[in-house]
Amino acid sequence: MTTIEGNLKGVRERLKQACARTGRDANAVSLLAVSKTFDADAVCLALDAGQHAFGENYVQEGAEKIEALRSLRPDAALQWHCIGPLQSNKTRPVAEAFDWVQSVDRLKIAQRLSEQRPADLPPLQICLQVNVDGGANKSGVAPEALADLASVVVLLPRLKLRGLMCIPEPSPDFDTQRELFLRAKALFDQLNARGMELDTLSMGMSDDLEAAVAAGSTMVRVGRGVFGSRPTKLTSSV
């Protein structure tokens, strides 16, 4: 068993136990393996261990890795998520290469992704990133502006609005973590009450996935817990 395989087994067991503690189905929460700064060989090891969904923060690095995996594993059914802050001048390679973008926080980004998504590809799956704890230097739409943004994004062609993503400030306290995640869950429920039909609530990482699951997460994003400590970043492009 490789280290990555063992790590994946451990994370999946954590998810299983977290679901059991809150009475949720074990299949209710999916795992996104965050492969940023790890090379294509590491992704292949995770793929061999049954992991098919991967998250990338850096556009150039992610696009190069996606292309590498097409050559290394041409028959593999991989799903690629862009999860890092996205600049407007970087939207085209994301629209052309990725399957999901979880970090949309303003209309201009969504519009560019919609315009640049190739017609021969399926619609780009979108999550809106919401700044649930109001950090001044953090990415994400403000909670009070979320509904207006969602109501426009849901109508854009070549995009499919799937849900919300959040990255609260780290906290060692489970109850504090859960309270912040519950803010995102409340916003998610409010949008669905408006008829949005969202199904994805992406929240929780290596250190707080249990609290996220308890609050209703449907997808956790785990990097260190799967791949180990990060090597030097391959690229600074975001």
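Colleague: Why is Glu197 called exposed?
Modeller: Its relative accessible area is 66%. Buried means under 20%, exposed over 50% and partly exposed in between, with a 1.4 Å probe and protein chains only, so Glu197 counts as exposed.

Colleague: What kind of model is this?
Modeller: This is a predicted model, in which local features need pLDDT of at least 70, side-chain atom pairs count only at pLDDT 80 or more, and totals for chains, interfaces and linings use all residues. Residues are numbered from 1 along each chain as its sequence is written, and side-chain values use heavy atoms, with hydrogens and water left out.

Colleague: What makes the phi of Arg158 worth a remark?
Modeller: It is near 70 degrees, a positive value in a residue other than glycine. Most residues other than glycine have a negative phi. Glu197 also has a positive phi, near 60 degrees.

Colleague: Why is Gln177 called buried?
Modeller: Its relative accessible area is 10%, so Gln177 falls under the limit for buried.

Colleague: How do you know that the side chain of Gln177 makes a polar contact with Ser171?
Modeller: A polar contact is a pair of N or O atoms within 3.5 Å; within protein, one must be able to donate a hydrogen and the other to accept it, and residues adjacent in sequence count only if both atoms are side-chain atoms. The backbone oxygen of Ser171 lies 2.4 Å from a polar atom of the Gln177 side chain, so the distance is within the limit.
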